Structures are given as C-alpha cells and as structure tokens.
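Reader: Could you walk me through this one slowly? I'm new to reading structures.
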Amino acid sequence: MKAPALGWQLALAFVLSLLFLVGLISWLQNVHVLTSNGMYKAIQAEPWIYDFAYARLDSSNYLYFPLYGLLAQLLDALGILPGVAWKQFAYLNAFWASVAVVFVYAFFHRLTGSVAAASLAALFHFGCGYFLILGAINEDIMPGYALVLGAMVLAGLWFDRPTHVRVIAVGVLFTLGWLVEWRLIFPTLPALVLALAIADAPWRRRLAWIGTLIVAVVATAGIVQQIWEGHNGAVGLHDLLWTGKGVDSGWGGASWSKAWLMLSGVGNYFLTTGIYYDVGAARQAMPELSLSVLLQLAILAACVVLLWPRRGDRRLRAIAAVFIGTLGAGQVLNFYSQPQDPQMQINVMPWLTVAWGLLVAAVLTRLAGPGVRRRVWLGLALLSLAPLAWNVWWLSESRGGDRDMLAAMHKLEHSFPSDTTVFLYWGFEPMVTWQFALWSHTWDWDYDPPPPGPAPQVKPRFKWIAVDSGAIRHSSWTTEQHVAALKEQIELAFRLGYRVAVSDVWNWNVEELGHQLGTLSATDRAPAIHAMLHDTYEARPVLTDTKAGSYYELRPHNGP
C-alpha cells in the first residue's frame, strides 16, 4: 500500500499530536505541573492581550509576549476560555509542541525515507517527559523551542552540503526562536558554527559560511529590533543580543551541588519520576534518575555501534555536530544556571530522539523477511511508546491540581484573613503563584514596598516576605546581610500589627534549607537563617492542607 504524500503525513502528525495534547490538558485540569512559572508569564502578558499598542516589551522574551498576546486575543474571539490566559497558554503550547513533532517527523522522513522510522522517532520524542509536560502546561518555552528545533533539523539535513541560502534560512529561523526565549541562543549557536566548521570544503569557504550565519543572526535580530523601534520597552540591537538574564542573580554560579541537579534534569527529561528541584530530593531519587540516564546512554551506545561503519558520512557528521554540540554547550550553560529546570533541559536534549530514530532506522534496514521485520517493528513501536505511557501515568497523579489549589486558597484566607496577615514563604511554594495571580500582583517586601500604614490593609491583598529573595536578588550579600534584611522585614510586619503566617519552610532543618539554598549557590547561609528564625520566633500550627501544605502563626518568643 502506497503511503500518502508527505504533506498529508505531516498534517496527520500535527493533528494527532494536537488532539492528544488538548485531550491531556482537559483531562489533567492542571496546567502547573512541575512549575507555576507560566502563571507569572500569563500575568505579564495581560497588557499584550488587552492593550497591545502600549504593552511593554521584555528584552529576554522579545517576541514571546507579542506572539502569545495576539494568540490569546484570537482564542478570546473564538470563545475559547476567554479572559483566562493562564489556561489558554497551555493550549497554545500544545499547538507549538505539535509543530515540533512535525519537524521531527519531517527530519527523519527526509533522512531515512522510512515512514516507519519517522513515525517511531516522532512518537518517541512526543513521549519524552519534559517535552510532553511542557506541551501540556503554561510554561513559556515551547514556541521558542519549536522554532529552534526546526532550525536544528534543517542544519542537520543541509550543513553536510551548505550553501549561503541554506545557512541564511537556518540563521533566520534560529534567531526567531531565540527572540522568543533569549537563552536558547547559547546552546545551539556554537553547535551550528561547529557543523559548518567541519563541513567538507576548503577552509575559506567554511569561514564564509560561518560569517554568513553570524550575519543572518545579527541581521534578523536587527530587523526585529527596527520593527519594534519606538514601542514601549524597545531596546537596541546590542541589548537584544545580550540581555544578561539571570547572570547577576542567585541563579548564576557553578557549584558541585549542581551535579545532583543535573542528574535531576537529565533523568527527568526522558522518564519523569518526580519534582527534584533541590539537592536533597535529587539524592533521594538517585536510583530512578540514574536508571533513566543509563537507558539514555544505552540508546546512544547502540546508535554509535550500529552507525560506526558510516562514521565518514558527511550528513551524519553534521547531525552529530548540531545535536551533540548543542548538548555539550547547553549542559555547560546549565551547570552554571539551573540544570534541574525543564525549560533549561528541553532544548539541549533532542539528541536523544535523534539517536533513537537513527537506531530504529538502522535496525529496520538490516532486517530480511516480512515476518521478522513485522515482529521487530512491533517491538520497536512498543519501546517508542513506552516513554509516553510512563509519563502519562506519572502525570495522572497531578489531575485536578488547579481546582485543588483554588479550594486550598479559600481555606487559607479563612484561617488568615488577607487584610491582617503577612505571609512568610520560602518563595517557590505553589500557593505563592496563586495568591500573586488572584489576590494582587505584588512581589515580596524585598522588591515591593510594604503597605503604607498599619493593619488592617485591604490593598495590597497579598502581602508577603520571601526567605530566598536575599539569595536571588542579592547574590553578593554576606550571610549577615541576608539574615538582617529578613529579620527586619518580619519585625516590620509585627510593628505594623500584622499576623505573620509561615509556610512549611518553618519545618525545614538546616540541611534541608541548605539544599534549597544550594540551587541559588547560597548553601552557606542556611545555618544563620535557620538559627535566626528559630531562636527569635515560635510557631503555632493553624492549617494543614494536602495541596497547600502546613501553615503556622509566627510569634516572637515569649509573645502573647
């Protein structure tokens, strides 16, 4: 039976992916699995939805907010969750994830000429943990990832025989991707340069291609910069190429503790087993995370063994340079920043799908006899489906999370009325996101000034202090400065007559607090912060909720 034309195959890959993800989102009713950062992005996008002409550009997400603002307007016009951007963004991510699946299918169809290999590679990529989850929640990475992935697959197919036109096309698509999320420029640009540098051509021609790539990247960024010139928040070309996002914050900095966070990120990318965003959690999950990494290494080893006789193939060398080069450069960057973060891993890990797809194609071409081929294809299909089955099962544990958090928030306000309460948080509790989104868009007291008068104060509704703010925004502080600033904010809340409600952070011991601060390169601050809290204050249990956690009322020692 003759296969349908390639266009129909690509359309089918897109539609099936989109239908599955839309069904998954509707079934889960939880667009904040793994991270609630997408809620903040939806809030930041509101001006682009309701007042596009005057909304402020973000240099690190230059095209993201205009793009998603327009798409949210379209969904509003179609009557799809009107006014609920934080849910709409999950469905928009499903669209872009489906585009990424199309890129994967097209890449392997062109590379192998096999519908079977292309289908199984696309299915494998679709089922990888972080890709599947980020395609079903409201995090902001998916549109940029899809575009950069498109540039990578084109480079893999074209950079064995580059032309200036091909190089420009890759550079333009790549730049549009990183203009959606600035950090995407770093892992892949060195890999693209590497692929051109090892091309089979005289060195002068290779240098000319590399120059063409750089010019295409800069020129595309320059054109985008000129289009937005004069708009609120517009920046110059230099500031667009280098935004410095996160460099001067606590997220930056290398430490050996991040090796555990790297294990968390790489292991969970393939088979997600939990949320391990601190060193202690990653250590406890070492067996399952290590198993996932070992399976990935086994796929890579099998692929290398089967393809080793073709190691001189120019296209395979270009593919290796693009995808393994992105892996290498990306993990160096991640080790400096946030290796546990799904959006930091998704763009550097597509090599796994490439290795699996090449492995499948190599196995299928070596088989003789329709009976053997059918049985082996069935086995490979089951293996390609296994990550999807595992990760959907893991996701099922998160069903109804958004509904549960809304209910927990109502309980919380009943116990701690918002007009008379200041909340003391670690800073990354899920409840913080919901209070920020639905009560008032106010940051912690390290960033936003406290209310002007004593309690009660209706506005701002959400008043809070974050333990981690001193490590994030003031990475150059000494431990003493961090402790003093935190204590002063708590004492100010008491002087103004507020109750202080403290989250589960109160129950952390020094080791746990150190693990959490380790993600911000501030482990050494843990003993002093813990001592200040527990030597100065006492806490009375008030509320325990399965989703929100435990809350206590903080009081000075020997207080009333």
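Author: Gladly, and please keep in mind that this is a predicted model. Of the 560 residues in the chain, buried residues make up 55%.

Reader: What helices and strands does the chain have?
Author: The chain has 24 helices, together with five strands.

Reader: And how does the radius of gyration fit with a compact globule?
Author: A compact globule with 560 residues would have a radius of gyration near 24 Å, and the chain has 25 Å, so the two agree. Taken along the principal axes, the C-alpha atoms fill a box of roughly 85 × 55 × 50 Å.

Reader: Which share of the contacts with a separation of 6 or more is between residues 24 or more positions apart?
Author: Such residues account for 74% of those contacts in the chain.

Reader: Switching topic, where does D278 lie?
Author: D278 sits in the loop that runs between helix 12 (258-270) and helix 13 (279-284).

Reader: Then what does the side chain of D278 reach?
Author: The side chain of D278 reaches the backbone nitrogen of G280 at 3.0 Å, and it also reaches the backbone nitrogen of A281, at 3.0 Å.

Methods
Residues numbered from 1 in each chain as written. Predicted model: local features only at pLDDT ≥ 70, side-chain atom pairs only at ≥ 80, totals over all residues. Heavy atoms only, no water. Helix = DSSP H or I, 4+ residues; strand = E, 2+ residues; numbered from the N terminus. Polar contact = N/O pair within 3.5 Å; in protein donor to acceptor, adjacent residues only side chain to side chain. Rg over C-alpha atoms; globule rule 2.2 N^0.38 Å. Buried < 20%, exposed > 50% of the residue type's maximum accessible area, 1.4 Å probe, protein only. Contact = heavy atoms within 4.5 Å.
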